[in-house]
Amino acid sequence: MGVCLSSIASKGKSGENDLHGVRYFDLDADSTTKGKFIPDEELQESLKKLIGTNEQILNVCVYKNNLFFVQITSWILYHAFVVLQTETGCWSIEKNDQGVIIQRSKLHSSVCNKYRMKSRYTVSGPIAEDAGRYNLHQFV
């Protein structure tokens, strides 16, 4: 699953890769295979194909994690992300300076406690929770 769909990162003024508008999708967060980068214009169509079966979203939870390894202001400053639970697994969805990150796993812990195959800083929550009302294709 570790294929880059296109070389969409462009060189910015500083010479570093500019990932504005790039979306990252990891179909199997349990594995060590890296995910895919999908440009905005291909996102909706590509995601429906990659998702495959149209599953009902059963539960939606919001979690938070620290911005830094040691952080005394975690009750005020934190990064929030959403975890969707379906019959066959879990999905995490989040937005940060790298774009929108979507991960899927059969294990809740793989999407909740890991970000792009690396352990997250301290995760708390869920800080909010609700029943799902849509299916994955409606959500996308």
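Over the ring of which residue does the charged end of Arg-120 sit? In this predicted model, the charged end of Arg-120 is placed over the ring of Phe-81, at 3.8 Å from its centre. The legends below start from this contact.

**Figure 1. Charges over rings at Phe-81 and Tyr-78.** The view shows Arg-120 with its charged end over the Phe-81 ring, 3.8 Å from the ring centre. Phe-81 counts as buried, at 1% relative accessibility. A further contact involves Lys-64, which lies over the face of Tyr-78 at 4.6 Å from the ring centre.

**Figure 2. The aromatic pair of Tyr-63 and Phe-81.** The structure holds 1 aromatic pair. Tyr-63 and Phe-81 form this pair, which is stacked, with 5.8 Å centre to centre and 20° between the planes. Tyr-63 belongs to strand S5 (residues 59-65) and Phe-81 to strand S6 (residues 79-85), so the pair ties together parts that are 18 residues apart in sequence. Both partners lie below the 20% limit for buried residues: Tyr-63 has a relative accessible area of 7%, and Phe-81 is at 1%.

**Figure 3. The largest pocket and its lining.** The volume of the largest pocket is about 240 Å³. Its lining includes Asn-65, Asn-66, Leu-67, His-79 and Glu-94. Asn-96, Asp-97, Tyr-115, Ser-119, Arg-120 and Tyr-121 are also among the lining residues. Sorted by class, the lining has 3 nonpolar, 5 polar and 3 charged residues. Arg-120, one of the lining residues, is the residue whose charged end sits over the ring of Phe-81.

**Figure 4. Asn-96 in the pocket lining.** Asn-96 is found in strand S7 and is one of the residues that line the largest pocket. With a relative accessible area of 18%, Asn-96 is buried, the limit being under 20%. Between the C-alpha atoms of Asn-96 and Phe-81 the separation is 9.6 Å, and the two residues are 15 residues apart along the chain.

**Figure 5. The largest nonpolar core.** This core has 10 residues in all, among them Ile-38, Leu-47, Leu-50, Ile-51 and Ile-57. Leu-84, Trp-91, Ile-93, Ile-102 and Leu-136 also belong to the core. Helix H1 (40-51) and strand S7 (90-96) each supply at least two of its residues. The largest share, 3 residues, comes from H1. A second, separate core of 8 residues includes Tyr-63, Val-83, Val-111 and Cys-112; Tyr-63 is also a partner in the stacked pair with Phe-81.

Figure 6. Ile-102 is located in strand S8 (residues 99-105) and is buried, at 11% relative accessibility. Which distance separates the C-alpha atoms of Ile-102 and Trp-91? The value is 6.9 Å, for two residues that are 11 residues apart along the chain. Ile-102 and Trp-91 are both members of the largest nonpolar core.

Figure 7. Most peptide bonds are trans. The bond from Gly-125 to Pro-126 is cis, with omega near 15°. Pro-126 lies in strand S11 (residues 123-131).

**Figure 8. The elements around the close-ups.** The protein has 3 helices and 11 strands. Along the sequence, the pattern is β-β-β-β-α-β-β-β-β-α-β-β-β-α. Of its 140 residues, 36% count as buried.

Definitions and conventions
Residues numbered from 1 in each chain as written. Predicted model: local features only at pLDDT ≥ 70, side-chain atom pairs only at ≥ 80, totals over all residues. Heavy atoms only, no water. 1 Å grid on protein atoms, 1.4 Å probe; cavity = no way out; pocket = protein on both sides within 12 Å on 5 of 7 lines; lining within 4 Å. Points joined across faces, edges and corners; volume = space filled by probe spheres on them. Nonpolar A, V, L, I, M, F, W, Y, C, P; charged D, E, K, R; others polar. Phe/Tyr/Trp six-rings, centres within 6.5 Å; stacked < 30°, edge-to-face > 60°. Helix = DSSP H or I, 4+ residues; strand = E, 2+ residues; numbered from the N terminus. Buried < 20%, exposed > 50% of the residue type's maximum accessible area, 1.4 Å probe, protein only. Lys NZ or Arg CZ within 6 Å of the ring centre and 35° of its normal. Core = buried A, V, L, I, M, F, W, Y, C linked by side-chain atoms within 4.5 Å.
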